[in-house]
Amino acid sequence: QLAANITKIERLDGEAPPPLQSAVTEISVLSKAIDTLGTTVESFAAFVPVGLVRQLMRTDRRLELGGHSRFLSILFTDLESFSTLSEDIPTQELLSRVSSYLEAVSKAVHAEDGTIDKFIGDGVMAFWGAPALLEDHAWHACVAALRAQQAMDRLNEAWRRDELRPLNVRIGIHSDAVLVGNIGSNERMGYTVMGDGVNVAARLEGVNKEYGTRICVSHAVFREAGERLCVRPINDITVKGRRGTIPIYELMGAYGAGPELEPRAETLQLCRLTRFAHEALIHSDFALALIRYQA
């Protein structure tokens, strides 16, 4: 039974059984130690990506500073007008509602095999493709974003019934080669991603405010998973520290991820009309572009 308990801890496979009661002192002490170990590992996994904890459990290597380059997909979320909300909503109510939002995003990320990097105030940073390799990481990131938005729509509907103000979330996604690994000091380190691609993903989240969109994805994401995504072109944007511009798109739906994410007929029509308007824009036919955008 002790061996089975250890195996459960190694796999992070649900709750371990209660400590084994034994008249043999050594077995009783060992059982309590294993129970304490299980609680500690479970708590550790709440602060560190679960995939990394499983990786550590499978090896006898110690954590070391360092990282490597890997092509990943990075997602950022943020709440619209959070500063204003924090001034108008009582603290405990705000904390409860923000926790519901963070839980909704976290569940969507985990459901699509993503890794929560950190919570940044009212924002979430997550990535796909590390510590474990993941094919179609751009696709999984997009599906997670759509699921998070749908979960927020359900929360907002409930809050409106209670005459509470909704919380609108904005999301940015980008795929790029970034540095991933243990960063910090020997006393305190964190498993995270760094690099220009992270800055682009954060910029895309903020771009939603400028264009009135909900989920902005880069051309790199579109290139990786475009045939399975329903998107509409928005514009070419500049990013600080980068030469040239980056084409961006609004993510409107996904094909093959379930009926709840399939784009509706009106969504497909909106995307088609937007493509026509954007074509006129990139050809500098501004008069025609204006007419088509108004349509």
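The model is predicted: local features need pLDDT of at least 70, side-chain atom pairs count only at pLDDT 80 or more, and totals for chains, interfaces and linings use all residues. Residues are numbered from 1 along each chain as its sequence is written, and side-chain values use heavy atoms, with hydrogens and water left out.

**The cores**

In soluble globular proteins, nonpolar side chains tend to be buried together. A nonpolar core here is a set of buried Ala, Val, Leu, Ile, Met, Phe, Trp, Tyr and Cys residues joined through side-chain atoms within 4.5 Å. Buried means under 20% relative accessible area, exposed means over 50%, and partly exposed lies in between (1.4 Å probe, protein chains only).

The largest nonpolar core has 44 residues. Y101 and I173 have the most contacts inside this core. Helix α6 (residues 137–161) supplies the largest share, twelve residues. Helices (H or I, at least four residues) and strands (E, at least two) are DSSP runs, numbered from the N terminus.

A second, separate core has twelve residues, including I74, F76, V178 and V180.

**Helix α5**

How far apart are the end C-alpha atoms of helix α5? They are 30 Å apart. The expected span is 1.5 Å times one less than the number of residues in the helix. For the 21 residues of α5 (residues 91–111) that gives 30 Å, so the two values agree.

Several α5 residues are buried, among them L94, V98, Y101 and V105. R97 and S106 are buried too. The buried residues of α5 pack against β1 (66–79), α4 (82–88), β2 (115–120), β3 (123–128), α6 and β4 (169–184). Contact means heavy atoms within 4.5 Å. Leaving out residues up to four places away in sequence, Y101 touches T77, D78, L79, D122, G123, V124, M152, L155 and V169.

Most residues other than glycine have a negative phi, and most peptide bonds are trans. D113, which follows α5, has a positive phi near 65 degrees.

D136 sits in the loop between β3 and α6. S284 is in the loop between α9 (265–282) and α10 (286–294).

Which residues does a cis peptide bond join? A130 and P131, with omega about 0 degrees. P131 lies in the loop between β3 and α6.
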